[in-house]
Structure formats: C-alpha cells, structure tokens
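Reader: I would like a close look at one part of this model, the place where two chains meet. Please take it step by step.

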Amino acid sequence: MTQTQITPCLQAEGVTKRFTRGSTVIWAVQDLDLSLAPGELVAVTGPSLSGKTTLVELLAGWTRPDQGRVAWGSDTSGGSPPWSYLAVIPQTFALLEELSVGENILLATRIARRRRASAPERLDHLLAAMGLDRLRDRGAFEISVGERQRTMVARALLDRPPVVLADEPVAHQDPHHAEIILGLLRDAVDDGAACVIATRRPEVAELADRVVTLTH
Amino acid sequence: MLADRNAAACHDLVQVYESAGGPVHALRGISTDFPVGSLTAVMGSSGAGKSTFLRLIACLERPTVGEVIIDGAPTAQLTGRARQRLVARQIGYVFQTPSDNLLSYLSVVEHVRMAWRMRAPEPPGAVDELLDLTGLAELAKSRPTGLAAGEQQRLAFAMAVAARPALVIADEPTASLDPAGAEALAALLPVLVAGGQTLVICTHDSIVTDAATRVLLLSNGTLAAESDRGGELLSVLDGADRIQLPRGMTGLFPGRRVRLTAYPDHVRIERP
C-alpha cells in the first residue's frame with residue numbers, strides 16, 4: 001500500500017551537539033531525529049538544562065550540529081533558512097531598545113530582507129490581540145518583560161511564516177496572556193504552519209499534537 | 001564656525017519618576033551643551049542620575065521639565081514618530097547591557113549592516129571596514145549567543161556608530177571589556193571625534209576619561225562639577241545658585257553648619 005508522502009518542512013536526522021566546559025563534555029542534544037509536517041504542533045519538553053534552547057538553535061540553523069543534519073523544506077544545502085520561511089521566538093537578544101514596540105515588530109521585514117512586506121492591518125491585529133496597541137509608539141526599554149515577550153511573538157507571526165520555533169513563549173506571561181499567545185500559535189498551525197514550542201510547563205505541552213521529551 | 005555649534009544641548013532638565021514609595025527625583029535641573037566634535041565623559045556614583053541623563057539627551061525619554069535641543073532644534077514638540085525618526089537617524093545609543101541592542105536572529109555582520117541601513121544607504125565595503133575597526137571581522141558570521149560579553153558589547157558599539165550618526169551616546173561601553181578591549185575601544189574614540197561625531201559616554205573607566213575633551217560630574221541628580229578646556233574640574237552653580245561640597249569634605253563640618261564669608265573675589269567656607 002502506498003501512502004502520499006507529505007514533504008516535511010523541517011527535518012533533523014541524528015542531530016548531536018556537545019559543549020565542553022573545562023574537561024567536562026556536556027551533551028546538549030544527542031542523536032535526535034525529528035520530522036515536522038505542515039499543520040503540526042510539536043512540544044519539546046524536559047527539565048532546565050536538558051538542551052531545549054540548543055535544540056531550538058539547531059532547528060533554526062543558528063548552531064551547526066557536531067553530527068547529523070537539519071534540513072528545511074526542499075532545501076538541504078545546510079545554510080540557515082530565511083526568516084520568511086522560519087521565524088523564531090527566542091528567549092534573549094530579542095528587541096532593539098532604541099526602537100518603539102511597533103518598529104520592533106516590523107523589524108521582521110528587515111530580518112527577512114523584505115521591505116514593508118506585511119500589511120499594516122496584520123500589525124494592528126497582532127498589537128490588539130496581544131494587548132500592545134497602547135504601547136505601539138513606546139520605546140522598547142519602557143515596557144515590561146511580559147510585554148517584550150509578546151512583542152517578539154508578534155514579530156515572529158507578522159509575515160505568517162511556514163515554520164515557527166518558540167522557546168518558552170509564555171515564560172513571562174500571566175494566564176490570560178499565556179492563553180492568547182498559545183491561541184495565536186495554535187491559529188498559525190491551523191492555518192498550515194508547523195510549530196515547535198520548547199517548554200518546561202506540562203500544561204503547554206498538552207496543547208501539542210506530539211511531545212518530544214529531552215533528558216539530561 | 002563649526003566649533004561653536006552644539007550637537008546637543010539641554011536646559012534645566014528635571015526628571016521625576018513615580019514609584020510605590022512616592023516620587024523619585026532622578027534629575028534636579030541640569031543645563032549644559034555638547035559642542036560638535038567633543039567627547040564628554042559623564043561620571044558620578046550609582047544613583048547619581050547618569051543613565052537618566054543619557055536617555056534624555058538621546059531623546060529616548062521625555063523630561064518632566066526642561067528641554068533637549070538636538071542640532072539646534074528643540075525636541076519637546078516632536079510627536080512619537082518624528083521623534084523616533086530623529087533618534088534612528090541622528091543618534092547612536094549603546095545600552096549598558098549589550099543584549100538590549102542585539103537580536104539572536106542575526107549574525108554579527110547582519111547586525112552592523114542592518115544598523116547601517118536604518119540610517120543611510122551602505123557604501124560598498126563600509127560594513128567590513130567597521131568590523132575591522134571594532135575587531136569583529138573574524139566573528140562576522142557568529143550570532144550573539146555565541147559571543148563573549150565583551151564581544152557583544154563591541155558589536156553593540158559598532159551598531160551605534162554605523163553610518164556615522166552625529167551624536168553617539170554610550171552607557172558604560174567598557175564595562176564588559178577586558179583591558180585590551182577597553183584600550184582598543186578608547187583608541188577608536190578620537191578617530192570618531194576627529195571625523196566630527198559628538199560623543200557622550202557615561203563611564204568609570206579612566207581609559208575613556210583620559211580620551212575625553214570634557215568631564216561632567218553628576219551627583220544626586222545635579223551637575224556638581226564640570227572640567228574646563230584645561231582639564232581642571234570646576235564646581236557648577238545650579239539654577240538656584242547652589243553648589244555641592246566636593247565628595248568627602250562634609251566630614252569637616254560635623255555640625256552641618258558652616259560659616260560663609262564673602263570677599264570681593266572669593267568665598268570662604270569654614271567650621272563655625
């Protein structure tokens with residue numbers, strides 16, 4: 001019996017990454033296989049320091065694996081995928097302080113090297129959904145940690161990328177805003193995007209179609 | 001004449017923040033100016049108001065009272081967007097924490113290129129030249145998470161000076177640098193000044209203050225002292241004609257009462 005093969009939009013094969021700290025070798029990710037199909041939400045869980053962030057960086061193409069490989073869509077050349085294909089919600093290094101909240105979200109178009117690709121209505125929609133509309137022209141340094149994180153989520157979702165990687169996307173949110181963020185990620189997946197959420201929180205993992213658990 | 005122009009100036013800057021314990025007076029009336037091509041070092045103990053002062057001069061915050069003038073134009077009336085445009089084009093800012101200026105999505109060279117293009121079109125080779133100048137050429141393809149703290153700070157500095165904004169304001173830019181890195185950065189400062197850029201740097205690092213053409217000393221939200229061109233530190237009379245005693249001198253006056261005697265050309269302060 002033949003089945004129609006869905007081309008995965010992201011595929012990791014035998015991916016291994018280790019760091020050395022002094023004479024100690026830390027296996028951040030060891031021989032991991034992961035295939036992500038369009039319209040799929042995968043949660044990566046595990047305790048602190050189990051390698052969740054390293055895995056996100058490997059899947060984003062920001063870090064090269066020591067062994068194995070990561071491929072995106074049909075492109076297997078090994079470079080990191082463009083932002084217009086794969087957007088990331090990282091935990092750190094995420095906002096430019098001298099820009100306003102709105103400008104930080106629109107940075108997506110600069111990161112993607114596309115000028116003003118996104119419709120202004122999309123920005124308005126995301127600002128309103130995240131409760132950021134009043135903060136649009138505020139400087140990024142003036143807003144709270146939770147608001148910063150929502151700004152990053154809005155930036156990642158602005159151009160409706162086919163793949164979204166989120167590293168602890170609700171870590172700094174109250175339950176109300178956590179629900180909004182997870183709802184927006186779920187909406188993106190229902191619209192056909194593939195999404196990976198790295199999280200320590202079991203209730204977040206429950207929303208996923210599939211769960212990958214990392215151990216030390 | 002070029003030397004008479006001010007890249008920035010401020011009059012009677014007062015900044016009051018609301019906090020749970022009541023209003024906090026971060027700045028209590030500061031007036032000074034920053035001539036084109038000067039390097040001003042801003043010093044003072046923590047809590048003196050240095051970071052607030054820098055953010056106000058950079059138009060990142062609005063003062064409660066007083067005004068900031070950039071390149072001869074008052075900024076108080078600027079609306080949100082015009083203000084953002086002014087900041088983006090004319091002012092480079094280095095935040096105290098380098099991560100506040102960096103994005104994990106972009107490599108070192110992509111950061112500098114983006115910063116350049118946000119201000120002006122990028123001439124061929126300009127970004128590579130700046131990476132060389134800031135010692136980042138070999139790290140061009142690295143991402144912020146793969147950089148040491150000092151390297152992150154150098155990258156934040158390179159972004160702030162990309163496309164040569166008229167005014168560069170830096171909050172403790174050598175704080176995460178090792179001595180060699182601090183020296184390399186300090187060597188870069190006169191090059192920028194000679195090119196007509198105006199620098200305002202908050203620092204405790206003597207390697208930076210030695211390169212400064214002027215030093216401002218903030219204390220308790222006021223401008224306590226300012227060096228003249230000869231380098232001598234002069235006390236500053238504030239708007240209400242007050243001056244502060246130099247640090248450590250209050251011990252001479254345990255009763256906190258002094259006898260002031262006015263002479264035609266000087267004033268004497270002594271224990272009663």
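How much area do chain A and chain B bury between them, and what percentage of it is on carbon and sulfur atoms?

Author: The model is predicted, and what follows describes that prediction. Chain A and chain B bury about 2300 Å² between them, and carbon and sulfur atoms carry 60% of that area. On the side of chain A, the residues that lose the most area to chain B are A:Trp62, A:Phe93 and A:Glu98. Together these three make up 33% of what that side buries.

Counted by residues, 25 of chain A are in contact with 24 of chain B. The side of chain A that touches chain B can be sorted by class: 12 residues are nonpolar, three are polar and 10 are charged. Despite those charged residues, the count of salt bridges between chain A and chain B is zero. Polar contacts do occur there, and the count is four residue pairs, both residues at pLDDT 80 or more.

Next come the elements behind this side. Helix H2 (101-111) and helix H4 (145-157) of chain A are the elements that give two or more residues to the side touching chain B. The largest share, four residues, comes from H2(A).

H4(A) also has a partner within its own chain. Its axis and that of helix H5 (residues 175-190) of chain A come within 11 Å and cross at roughly 10°. Angles under 35 degrees count as roughly parallel, so H4(A) and H5(A) are roughly parallel to each other. From H4(A), the residues A:Arg150, A:Val153 and A:Leu157 take part in this contact. They meet A:His177, A:Ile181, A:Leu184, A:Leu185 and A:Ala188 of H5(A). By class, the residues of this contact are six nonpolar, one polar and one charged.

Technical notes:
Residues numbered from 1 in each chain as written. Chains lettered and ligands numbered in written order. Predicted model: local features only at pLDDT ≥ 70, side-chain atom pairs only at ≥ 80, totals over all residues. Heavy atoms only, no water. Contact = heavy atoms within 4.5 Å. Buried area = accessible area lost by both parts, 1.4 Å probe. Salt bridge = Lys/Arg side-chain N within 4 Å of Asp/Glu carboxyl O. Polar contact = N/O pair within 3.5 Å; in protein donor to acceptor, adjacent residues only side chain to side chain. Nonpolar A, V, L, I, M, F, W, Y, C, P; charged D, E, K, R; others polar. Axes fitted to C-alpha atoms, helices over the stretch in contact; angles between N-to-C directions. Parallel < 35°, antiparallel > 145°, perpendicular 65-115°, else oblique.
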